[in-house]
Amino acid sequence: MQGPVRIQLADFSHDEEIRALQAGSKRIGGIATFLGCARDFSEGREVSEISFDAYEPMAVAEMQKLRKEAIERFGLIDARIVHRLGVVRAGDSIVFIATGAEHRAPALLACQWIIDQLKERVPIWKKEITPQGDCWVTPHP
Amino acid sequence: MITVLFFGPVAERVGASRLELEYQSGMRLQDVQAHLQPRYPEAFALVTLAAVNGEQVRDRSLPLADNCEVVFMSKFSGG
């Protein structure tokens with residue numbers, strides 16, 4: 001199985017990520033997941049594709065820090081974070097986060113915390129490709 | 001030599017993802033920015049963050065070493 005923190009061009013399988021999390025410990029009683037997808041509509045425009053750019057060494061290092069911090073902060077048993085790069089078509093998966101804990105509450109809280117922190121801290125930029133032209137996305141909540 | 005990298009919207013406005021500057025003794029991060037900002041004002045209008053050798057740097061007076069990697073970045077929009 002691949003590592004728990006990755007940036008990759010290829011699509012990922014949420015089932016495989018969840019299976020990897022479950023395979024690591026039988027103490028896990030709850031797994032929460034977040035799947036970020038490419039929307040086909042944004043700011044009143046149709047979006048056909050989204051292109052991602054990243055400062056990869058810093059992005060991976062920051063995602064690894066995020067995973068470690070989340071495990072410590074929420075008492076998780078394990079967590080996995082995968083983000084795609086390159087060009088993603090509308091409807092495709094972009095980012096997947098899975099958090100495993102003994103109980104549901106820390107898993108759910110940690111999952112939201114990781115995606116919120118990822119947006120703030122991980123050097124990745126997205127550009128929406130639309131019939132009217134391309135546009136880099138301005139961050140929003 | 002100092003390698004300066006740009007990504008996403010900043011790279012697009014610079015028209016390049018990588019530049020090289022000659023290292024001068026005593027050079028600080030703010031000197032690199034002061035050198036580049038007038039040449040690429042539209043790109044630097046987006047810059048809110050900087051990193052040196054993969055670590056985010058808030059203090060622009062940080063001294064630089066020869067062969068270091070500097071990145072000027074806009075706000076992130078991943079996820």
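**Chain B**

I began with the fold order: from the N terminus on, chain B runs β-α-β-α-α-β-β-β. I took helices (H or I, at least four residues) and strands (E, at least two) as DSSP runs, numbered from the N terminus. Everything here is a predicted model, where local features need pLDDT of at least 70, side-chain atom pairs count only at pLDDT 80 or more, and totals for chains, interfaces and linings use all residues. Residues are numbered from 1 along each chain as its sequence is written, while chains are lettered from A and ligands numbered from 1 in the order in which they are written.

Next I looked up the overall dimensions. The radius of gyration of chain B is 12 Å, close to the 12 Å from the globule rule for 79 residues, so chain B is as compact as a globular protein of that length. That radius is taken over C-alpha atoms, and the rule is 2.2 Å times the number of residues to the power 0.38. Along the principal axes, the C-alpha atoms of chain B fill a box of roughly 35 × 25 × 15 Å.

I then checked burial: 29% of the 79 residues in chain B are buried (20 or more other C-beta atoms within 10 Å of the residue's own; exposed means 12 or fewer, partly exposed in between, with C-beta atoms placed from the backbone).

I also stopped at B:Asn67, whose phi is near 70°, a positive value in a residue other than glycine. B:Asn67 sits in the loop between β4 (55-57) and β5 (69-73) of chain B and counts as exposed, with 10 C-beta neighbours inside 10 Å.

**Chain A**

**Where the chains touch**

How many residues of chain A are in contact with chain B? I noted 23, against 13 residues of chain B (contact: C-beta atoms, placed from the backbone, within 7 Å). On chain A, the largest share of this side, four residues, comes from α3(A). By class, I recorded 16 nonpolar, three polar and four charged residues on the side of chain A that touches chain B. Here Ala, Val, Leu, Ile, Met, Phe, Trp, Tyr, Cys and Pro count as nonpolar, Asp, Glu, Lys and Arg as charged, and the others, Gly among them, as polar.

Technical notes
Contact = placed C-beta atoms within 7 Å.
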